[in-house]
Amino acid sequence: MPSLSNKRLFFLIGLIAITLIYFLYNMFLVDVDYYQSIPRKIRHINKFGSILIVYGVGTWTLKKYTIGWMMQIWHAVYAVSVFALILIGLYDWRIGMLSVQLRNIASALHEFLISPILFVGMGILNSRLLNSPGQ
């Protein structure tokens, strides 16, 4: 069993990695002048890849930091969100262009999944559970 300082080190490594991925994604794939000239399907693939990378990093680091049922929450949030994004993406690819509202929902969901917000939330929840008076 890793010691508490090793657990915190894994959490910190995960936080830095996810923050770096989020920063790089936004700097090189979103906040650029040529973003609209990138084909829509390539943008979808880039978004899906960024989600998978953040999910992998988060899974690898959180499994060394949190307890089992918290990992189930992590997996469930990603599974449901990615499933919804895949449905939205398939509609966009096969049937037609999305409405602005649906595109905004998909963008916000993608932003949530690649940002460190969920990762930090899991860390805060874990630290509160470890410091609870019942333990």
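Biologist: Which residues line the largest cavity?

Modeller: The model is a predicted one. A search of the whole structure finds one cavity of 30 Å³ or more. The residues that line the largest cavity are Y25, L29, Y35, I38, R43, N46 and K47.

Biologist: Which element gives the largest share of the lining of the largest cavity?

Modeller: Two elements, α1 (4-30) and α2, each give two or more residues to this lining. By class, the lining residues divide into four nonpolar, one polar and two charged. The largest share, three residues, comes from α2.

Biologist: How much space lies in the largest cavity?

Modeller: Rolling a probe the size of a water molecule over the atoms shows where empty space is left. For the largest cavity, that space is about 40 Å³.

Biologist: Are α2 and α3 roughly parallel or antiparallel to each other?

Modeller: Two packed helices are described by the angle between their axes and the distance between the axes. Helix α2 covers residues 40-62 and helix α3 residues 68-94; their axes lie 11 Å apart, at an angle of about 175 degrees. Angles over 145 degrees count as roughly antiparallel. The two helices, α2 and α3, are therefore roughly antiparallel.

Biologist: How many residues of the contact of α2 with α3 are nonpolar?

Modeller: On the α2 side, the contact includes F48, I51, V54, Y55 and L62. Five residues of the contact are polar and three are charged, while the nonpolar ones number 12.

Technical notes. Residues numbered from 1 in each chain as written. Predicted model: local features only at pLDDT ≥ 70, side-chain atom pairs only at ≥ 80, totals over all residues. Heavy atoms only, no water. Axes fitted to C-alpha atoms, helices over the stretch in contact; angles between N-to-C directions. Helix = DSSP H or I, 4+ residues; strand = E, 2+ residues; numbered from the N terminus. Parallel < 35°, antiparallel > 145°, perpendicular 65-115°, else oblique. Contact = heavy atoms within 4.5 Å. Nonpolar A, V, L, I, M, F, W, Y, C, P; charged D, E, K, R; others polar. 1 Å grid on protein atoms, 1.4 Å probe; cavity = no way out; pocket = protein on both sides within 12 Å on 5 of 7 lines; lining within 4 Å. Points joined across faces, edges and corners; volume = space filled by probe spheres on them.
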